[in-house]
Amino acid sequence: MGSEIIVFVVDVGDSMLDSYPNDAKSKLDHVRGAIARFIPTKQTLSTDHRFSIACLTTTLVWLLEPTTETEVLLDMLSQLEPQHGNTFCDLEQVLRDLKTTIGAWELGDDRPSLRLILVYGRSDPLFCNEATAAKLIEDIETKVTLTLDLLDISPPSAHATETSNLLQRLDTQQRYYCFQAHSNGWEVMHGMASLMAHPLQRPALGQVSHCFKPVSDGGGGVCVCMCKCMCMCVCVC
C-alpha cells in the first residue's frame with residue numbers, strides 16, 4: 001500500500017498532567033511511551049514512512065515537518081509540556097491549518113497517504129461546523145489521502161464519545177479508527193497498537209484483534225495475528 005506520512009497531534013491541555021487512578025505516571029507520559037513504541041515498530045514495516053508531530057492547543061502548532069529521522073521526533077516528543085488555559089478546540093481550525101501547511105509541502109504527483117493520529121485528552125469534546133469541516137476535508141483530499149484517527153484519553157464523562165462520534169460522521173470512506181483510553185495506561189498502549197495497520201488495508205473497527213507481550217518478555221517487535229475477519233493484520237506484541 002506504500003508509505004505513509006503520519007502526524008501525531010498531541011493534546012497539550014492541562015488535563016495531560018492528570019494520572020489514571022493508582023498510577024504514578026501522567027497521561028502524557030503514557031502517550032510518549034506509546035508513540036515511542038509505535039514508531040520503530042512501524043519502521044520495521046517500511047523505512048519510507050515519514051513522521052511528524054504537532055501540538056494541539058486551540059489549533060495545530062507544528063513542531064516538525066515529516067521526516068524519516070525519528071530520533072529527532074522522539075527527542076522533541078520527550079520535551080513536550082502541557083500548556084495552561086487550553087480548554088476548547090475547534091476541529092474546523094485544525095483542518096484549516098492542516099490545509100495551509102500541506103500546501104507548502106512537496107508531495108509529488110501522487111496523492112500520498114496522510115494520517116493524523118489525534119491524541120485528545122480534554123473534558124470538553126472537540127467541536128466544529130460539520131459542513132465546513134467536511135468541505136475542508138474534501139479540499140485536503142485533492143492533495144493527499146487523508147485519515148483522521150483518534151485516541152481519546154479524556155476523563156470519563158457524559159461527553160466521552162462525542163469526539164469520536166463527530167469524526168465518524170465526517171468519515172465518508174469508513175476509514176477512520178477511534179479508540180477510547182479512559183481507564184488506564186494499558187488502554188493507551190493498546191489503542192496506539194491498534195493504529196498500526198495502513199488505513200487502506202485495515203479491517204473494520206469491530207474486527208480488530210491484538211496481542212501483547214510485556215517489554216520484559218521481549219515485546220515491542222512485529223507479529224502477525226489472526227483477526228475476526230480472517231485476514232492477517234500487523235500488531236505490536
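**Entry 1. Chain overview**

I counted six helices and eight strands in the protein chain. The model I examined is a predicted one. Reading from the N terminus, I noted the order of elements as β-α-β-β-α-α-β-α-β-α-β-α-β-β.

I then looked up burial and surface. The chain has 237 residues, and 52% of them count as buried. Its accessible surface comes to about 10800 Å², and carbon and sulfur atoms contribute 51% of that area. For the contacts with a separation of 6 or more, I recorded that 74% join residues 24 or more positions apart.

**Entry 2. Helix H1 against helix H2**

I turned next to helix packing. Two packed helices are described by the angle between their axes and the distance between the axes. For H1 and helix H2, the latter spanning residues 70–78, I noted an angle of about 175 degrees and axes 10 Å apart. Angles over 145 degrees count as roughly antiparallel, and H1 and H2 are therefore roughly antiparallel to each other.

I listed the residues that form this contact. H1 supplies Arg-32, Ile-35, Ala-36, Ile-39 and Gln-43, while H2 supplies Thr-70, Leu-73, Leu-74, Leu-77 and Ser-78. Sorted by class, the contact of H1 with H2 comprises six nonpolar, three polar and one charged residues.

**Entry 3. Helix H1 against helix H6**

I examined a further packing of H1 (residues 27–45), with helix H6 (residues 185–194). Here the angle is about 30 degrees and the axes lie 9 Å apart. Since angles under 35 degrees count as roughly parallel, H1 and H6 are roughly parallel to each other. I recorded their crossing as right-handed.

On the H1 side, I found His-30, Val-31, Gly-33, Ala-34, Ile-35, Arg-37 and Phe-38 meeting Gly-185, Val-188, Met-189 and Met-192 of H6. The classes in the contact of H1 with H6 are seven nonpolar, three polar and one charged residues. I also noted that Ile-35 is listed in the contact with H2 and in the contact with H6.

**Entry 4. Trp-105**

Finally, I looked up Trp-105. I located this residue in the loop between helix H3 (91–102) and strand S4 (113–120). Is Trp-105 buried or exposed? Its relative accessibility is 11%, so Trp-105 counts as buried, the cut-off being under 20%.

Leaving aside residues up to four places away in sequence, I found that Trp-105 touches Ile-5, Trp-62, Glu-65, Pro-66 and Leu-114.

How values were computed
Residues are numbered from 1 along each chain as its sequence is written. This is a predicted model: local features need pLDDT of at least 70, side-chain atom pairs count only at pLDDT 80 or more; totals for chains, interfaces and linings use all residues. Side-chain values use heavy atoms; hydrogens and water are left out. Axes are lines fitted to C-alpha atoms, for helices over the stretch in contact, and angles run from 0 to 180 degrees between N-to-C directions. Helices (H or I, at least four residues) and strands (E, at least two) are DSSP runs, numbered from the N terminus. Angles under 35 degrees count as roughly parallel, over 145 as roughly antiparallel, 65 to 115 as roughly perpendicular and the rest as oblique. A crossing is left-handed if the near helix is turned anticlockwise from the far one by less than a right angle, and right-handed if clockwise. Contact means heavy atoms within 4.5 Å. Ala, Val, Leu, Ile, Met, Phe, Trp, Tyr, Cys and Pro count as nonpolar, Asp, Glu, Lys and Arg as charged, and the others, Gly among them, as polar. Buried means under 20% relative accessible area, exposed over 50%, partly exposed in between (1.4 Å probe, protein chains only). Accessible areas come from the Shrake-Rupley method with a 1.4 Å probe; for residues, only the protein chains shown count as cover.
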